[in-house]
Amino acid sequence: MSCLRRVGAPLLLIALAIGLATAPATARARPGSTQSLSAVAHDVQAGDRNDLILWRGVPDLDRAYLLGRFRWSRCRIVPVRVVGGTTIWRATRAAVAHVRRASGLPLHIQAEPLPDGRGIRVRAHALRARYTLGETSLFSLGGELWRADSDIDVAKAGSERLSTVIEHELGHALGIRHSPRYEGDVMSPVVRRGPLPLSAWDRAAFAYSGRGRCSP
Ligand SMILES: [Zn+2]
């Protein structure tokens, strides 16, 4: 987890990685190096296995939509830095436009490196696991999301699915968990084909992720 060292120890309230698979579902969290880290990772794994059961109860919104109780400040620009060629640039621009509209968060693609390391990095990256199309690691500071690193396997995703895969990883970058449906939603753990429109669950989750605090 070299990125953890780059952003510094005080940032580490949560740090976890979520994948998007083609089939079968391979959602998993990396083991962490601190207590809170493993607790969150374990909760996510358990939640993913038990989604259908959890949803029968009265839904706690944080549990229903968010990985933790962390969101981005809704009043500060969230810089998005794309690392890769024209293909991922174009697809990310389209995905960011959808996600900005759905969440209301001021996501802004920029060419410069992330200031203070804060923001979302979307990187074209070949992922080793056979069915994994994308993976996101998430970090928070002082109860707010601060940094997200999304790796997208552009070749495995293919041109039709690419913007959906990026929207899915951006969803995790905003703190959103997998939807209860195995496939069919952008935030389902499995995406076989694309592009997919945002479903009712997706729209509610993105909107919920944009209702964080307003901090300077
Ligand atoms: Zn995922």
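Okay, quick definition to start: two strands count as paired if DSSP finds at least two bridges between them. Helices (H or I, at least four residues) and strands (E, at least two) are DSSP runs, numbered from the N terminus.

Now, what you're looking at is a predicted model: local features need pLDDT of at least 70, side-chain atom pairs count only at pLDDT 80 or more, and totals for chains, interfaces and linings use all residues. Residues are numbered from 1 along each chain as its sequence is written.

So, the overview. The chain has seven helices and six strands, and from the N terminus on the order goes α-β-α-α-α-β-α-β-β-β-β-α-α.

Let's begin with strand S4, residues 119-124. On one side, S4 runs parallel to strand S2 (residues 78-83), with four bridges joining them; Arg81 has Arg121 in S4 as its bridge partner. S4 also pairs with strand S6 (residues 144-152), again in the parallel sense, over six bridges, and there Val122 stands opposite Ser150 in S6.

How enclosed is S4? Five of its six residues are buried, so S4 is largely enclosed by the rest of the structure. Buried here means 20 or more other C-beta atoms within 10 Å of the residue's own, with C-beta atoms placed from the backbone. Across the chain's 216 residues, 44% are buried.

Next up, strand S5, residues 132-141, which is mostly covered, with eight of its ten residues buried. S5 and S6 run antiparallel, joined by eight bridges, and Ser140 has Leu145 in S6 as its bridge partner. These two strands make a hairpin with two residues between them, and Gly142 in the turn has a positive phi of about 55°.

Terms used
A residue is buried if 20 or more other C-beta atoms lie within 10 Å of its own, exposed if 12 or fewer, and partly exposed in between; C-beta atoms are placed from the backbone.
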